[in-house]
Amino acid sequence: MVKMSVNERDIKDCLKILGIPRPWREAVNLLKKQPEWPIIQTLLGERFQDEMPKLEDIWSMMDRVWDSHSMKKVDGKYPDEELLKYYSHPVWLLNGLWIESHELSIENRCKFAKLVKLCNKEKPLILDLGGGFGTLGKIIATLYPEATVEVWEPCTSDLAIRLSEDIENMRFIDFESLNYEKYDCVFSMDVIEHLNNPLSHIRDANYLLKRGGIFIIGWNFSPVIKCHLSYNFHYRYIMKECIKLLGFGYIKKDENSYAYVFKKIANTRDINLKKAEILGKIAKIAKPAMDGLRVGKNLLGSKLKRVV
């Protein structure tokens with residue numbers, strides 16, 4: 001059984017093993033050794049090679065790259081292949097190393113990782129779905145050595161893989177390694193706000209989880225950065241209800257983080273996916289009114305659910 005509690009000493013020991021948070025100059029020295037450095041150097045300029053950027057500075061760099069791609073919507077959405085090009089840009093390598101130098105970002109991932117205890121399994125198989133640079137996966141694997149952690153990321157970097165090679169119970173995997181009802185626990189942290197179809201991601205998580213498996217997810221449908229797709233911001237009001245429609249039972253909102261915890265209780269049925277899509281369309285129409293009203297999000301979402 002995975003340990004039921006993780007204390008601050010465990011967290012400190014974990015981060016010491018991983019060598020994070022990493023001093024910013026050390027992170028920059030790592031970046032200088034990468035073939036992507038000329039592009040990253042242009043983004044950082046002279047100032048941020050010595051001074052660690054703030055979160056808003058990183059967002060600004062990401063927005064500059066977004067603007068440089070000059071993406072055009074097709075049928076109201078950015079084409080998936082164009083989004084994939086954007087997420088393959090070296091700015092995301094920069095972001096990954098920045099996260100591992102940023103205390104609050106690491107703290108947030110530690111809070112998510114502590115929820116592994118809800119798996120209630122002796123040797124759980126865990127997936128980080130859309131795991132980016134792999135930081136969350138590394139923290140989970142180090143805190144819970146009895147677990148096996150797999151990270152799937154469509155735009156992973158060679159450096160991310162190399163920095164995780166010494167962690168025996170974690171690995172990056174390819175798409176073909178994702179199998180039906182394979183996992184005891186699936187994480188999705190700050191992913192769905194970047195996707196054209198968040199509901200498909202939820203359906204995929206359901207497909208990959210064993211019956212009774214735990215789904216831990218956090219999102220940020222807000223306009224802090226241009227790659228948070230504004231045409232999906234209505235999901236901030238109804239995502240919990242959509243997830244419940246797609247074969248999950250709601251367990252709780254974590255009191256220490258922005259993570260929501262669900263349990264797989266059924267496979268996603270096509271009819272329920274259609275219901276979730278209809279709920280999304282209604283919420284999109286109602287969003288201007290929702291934005292103008294100070295109505296409890298959960299109450300609003302549950303009322304809309306009754307419509308479908």
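What follows is a conversation about reading this model, from the whole chain down to single residues.

Colleague: What should I keep in mind about the origin of the model and its numbering?
Modeller: This is a predicted model, in which local features need pLDDT of at least 70 and side-chain atom pairs count only at pLDDT 80 or more, while totals for chains, interfaces and linings use all residues. Residues are numbered from 1 along each chain as its sequence is written, and side-chain values use heavy atoms, with hydrogens and water left out.

Colleague: How many helices and strands does the chain have?
Modeller: Helices (H or I, at least four residues) and strands (E, at least two) are DSSP runs, numbered from the N terminus. Here the chain has 14 helices and 7 strands. The radius of gyration is taken over C-alpha atoms, and the globule rule is 2.2 Å times the number of residues to the power 0.38. For this chain the radius is 19 Å, close to the 19 Å that the rule gives for 308 residues, so the chain is as compact as a globular protein of that length. Along its principal axes, the C-alpha trace spans about 55 × 50 × 40 Å.

Colleague: What percentage of the residues in the chain is buried?
Modeller: Buried means under 20% relative accessible area, exposed over 50%, and partly exposed in between, with a 1.4 Å probe and protein chains only. By that criterion, buried residues make up 54% of the 308 residues in the chain. Helix α9 (residues 135–143) is mostly covered, with 9 of its 9 residues buried, and among them are K138, I139 and I140.

Colleague: Which residues touch the most other members of the largest nonpolar core?
Modeller: A nonpolar core is a set of buried Ala, Val, Leu, Ile, Met, Phe, Trp, Tyr and Cys residues joined through side-chain atoms within 4.5 Å. The largest one holds 68 residues, of which Y86, I139, I140, F187 and I216 touch the most other members. Helix α7 (residues 91–99) gives the most to this core, with 7 residues. A second, separate core of 35 residues includes V186, I192, L245 and F262.

Colleague: Which residues does I216 touch?
Modeller: Contact means heavy atoms within 4.5 Å. Leaving aside residues up to four places away in sequence, I216 touches F112, L115, C185, V186, F187, S188, A259, Y260 and V261. Over the chain, among contacts between residues at least 6 apart in sequence, 72% join residues at least 24 apart.

Colleague: Is L44 buried or exposed?
Modeller: L44, in helix α3 (residues 37–44), counts as buried at 3% relative accessibility. Its contacts, not counting residues up to four places away in sequence, are W24, W37, Q49, P53, M61 and L94.

Colleague: What should I look for in the backbone angles?
Modeller: Most residues other than glycine have a negative phi, and most peptide bonds are trans. D75, which is not a glycine, has a positive phi of about 55 degrees; D75 is found in the loop between α5 (55–69) and α6 (80–87) and is exposed, with a relative accessible area of 80%. E181 also has a positive phi, near 50 degrees, and lies in the loop between β3 (170–173) and β4 (183–189), where E181 is partly exposed at 27% relative accessible area.
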